[in-house]
Each structure stands twice: as structure tokens, then as C-alpha cells.
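Below is a guided reading of a structure, given in running paragraphs. Please keep the sequence and the model in view while reading.

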Amino acid sequence: MLPRGFYQRPTEQVALDLLGCLLVRTIDDGAVAVRITEVEAYLGIDDPACHTFGGRRTARTETMWGEAGFAYVYLIYGLHSCLNVVTVGNDVPEAVLIRGGEPVMGTPTIRRRRGPRIAAAALTDGPGKLCQALALTTIDDGADLCDPGAPLVIRDGVTPVGLESVERLPRVGVDYAGSAATWPLRFRLRR
DNA sequence: TCTAGGATCGGCT
DNA sequence: GCCGATCCTAGAT
């Protein structure tokens, strides 16, 4: 399991290093693991696309202002959840959005949660889809990812990820953020 | 209180 | 590729 110190580093570095890691979700309903293939960095108060831009601190974003290594889960478009991991910590409210992955364990459970008619490639290839596959909702906001007994933890990947296999792209859906919309803070594993 | 808009998804054309 | 669903959040009043 990744230790707290992993998350207490610059957000872009954490985002890169999360690629290839395993998201392991253990609840009664069924254990599931997903290999992270796509993430986005959100750089706090100086990032117009970030929920904490300009120092915004509300009930929703409170988790981002807390310690690193905790899950920040919020609801988007009134119906989808998105999973982030808080980075840096100590009143530096930055985070990495987990945008997608590929199932490596518990695929039948994922399919049961996602629906029988969903194509295999579309089971966990978006932030909302990922949360549905892992049965994550805003109830899980504030969960500690560094607690060995937690129902959601992140483990180091089995095979190391080389920089040459990582694409850097602009972030998705943040056109409202002006020039920050073009910042290359989206990282994706080539396939 | 009220209102505009959103870090998306999936079905349909 | 387009578009509607759906309701919470945050800022304004």
C-alpha cells in the first residue's frame, strides 16, 4: 500500500506515479481492483480549473484542505461521482483526479454494478464509470487511503511505468478555466 | 431563497 | 458526432 509520504509530494509527480498503480476496493458486495491508466492533476489555489481556485473553501472542498492521502469524492452533473486523491497536504489543497483504469480483479462484480450491456472497454474508462465500478459515492469522501484496513487503498503497480509510455494531454471538460484549460496536466498510459 | 452551470455518461443518429 | 438527463454546489440576492 502506498504510504502517506507518497502523496505528500508535488501533485504532478504524484499523478505520474499513480499511473500503473492498483486501486483496490474491498467491500462486502465484492472485491475489485483496477489498474490506473489515466489521471489529471489539479493544482490548488492558482489553478482556475481546480475546485479550490482562489482559496475557495466550502463544505464540499473541505477534504482537499486536509491531509494528503485521503479520498476527495464529489458529485458532478448531479448524478456521477468523481474520485480524487488529495496531495501535498498542510493547507495546500491540490489533488489528482483518477479518470480511468482497466479492471484487473473482480470484473464480474464491476459488470454487475455497471450493467450487463456495457462494452468491456467502457467498464472503467471514465471518472464517473470508475466510481460506479468501485461502488464509490460521496459517502466515501474523506476516506483515508493510507489505512491498511481501509475499504479503498492504492497499491504500487507490479510493473514499473516508463516515462516513454506516458502521454501528456490537456485536461478534459475545463474550457471555462481560460488558458488553464490547455495546461498539459492529464497523464495517460499509451496502449 | 433563487439560479446558473457543471472535472459526465450513454443512447441515438 | 450530438444531445438530453439530472440535481448538487456555489455565488448572488
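**Salt bridges, cysteines and the DNA contact**

Arg112 and Asp29 form a salt bridge, with their closest N and O atoms 3.0 Å apart; a salt bridge here is a side-chain nitrogen of Lys or Arg within 4 Å of a carboxyl oxygen of Asp or Glu. Arg112 belongs to helix H3 (residues 107-114) and Asp29 to the loop between E1 and strand E2 (32-42), so this pair ties together parts 83 residues apart in sequence. Helices (H or I, at least four residues) and strands (E, at least two) are DSSP runs, numbered from the N terminus. Asp29 is partly exposed at 36% relative accessibility; buried means under 20% relative accessible area, exposed over 50%, and partly exposed in between (1.4 Å probe, protein chains only).

The model is predicted, so local features need pLDDT of at least 70 and side-chain atom pairs count only at pLDDT 80 or more, while totals for chains, interfaces and linings use all residues. Residues are numbered from 1 along each chain as its sequence is written, chains are lettered from A and ligands numbered from 1 in the order in which they are written, and side-chain values use heavy atoms, with hydrogens and water left out.

Side chains of opposite charge can pair when their charged atoms come close. The whole structure holds 16 salt bridges. One of them joins Glu12 to Arg168, at 2.9 Å from N to O. Glu12 sits in helix H2 (residues 11-18) and Arg168 in strand E7 (residues 166-169), so parts 156 residues apart in sequence are tied together by this pair. Glu12 is partly exposed at 30% relative accessibility, and Arg168 is partly exposed at 44%.

Another salt bridge pairs Asp140 with Arg25, the closest N and O atoms being 3.5 Å apart. Asp140 is in the loop between helix H4 (127-133) and strand E6 (152-155), and Arg25 is in strand E1 (residues 22-25), 115 residues apart. Here Asp140 is buried at 15% relative accessible area, and Arg25 is buried at 4%. Elsewhere, Glu38, Glu40, Arg99 and Arg186 are linked in a network of salt bridges.

The cysteines come next. A disulfide is a covalent bond between the sulfur atoms of two cysteines, and the cut-off used is a pair of cysteine sulfur atoms within 2.5 Å. A search of the whole structure finds zero disulfides. Cys131 is in no disulfide either, and its nearest cysteine sulfur, that of Cys82, is 6.1 Å away. Cys50 is buried at 2% relative accessibility, and Cys131 is buried at 1%.

Cys131 is also among the residues that Ser81 touches, along with Val73, Tyr74, Leu75 and Pro127, not counting residues up to four places away in sequence; contact means heavy atoms within 4.5 Å. Ser81 is found in strand E4 (residues 80-88) and is buried at 10% relative accessibility.

Which residues surround DNA strand C? They are Arg56, Thr58, Arg60, Leu75, Tyr77, Gly78 and Leu79, where near means that a heavy atom of the residue lies within 4 Å. Of the atoms of DNA strand C that come within 4 Å of the protein, 84% belong to sugar and phosphate. A phosphate oxygen of DNA strand C is 2.6 Å from an N or O atom in the side chain of Thr58, and a phosphate oxygen is 2.9 Å from one in the side chain of Arg60. At Tyr77, a backbone N or O atom lies 3.1 Å from a base oxygen of DNA strand C.

Note on methods
Polar contact = N/O pair within 3.5 Å; in protein donor to acceptor, adjacent residues only side chain to side chain.
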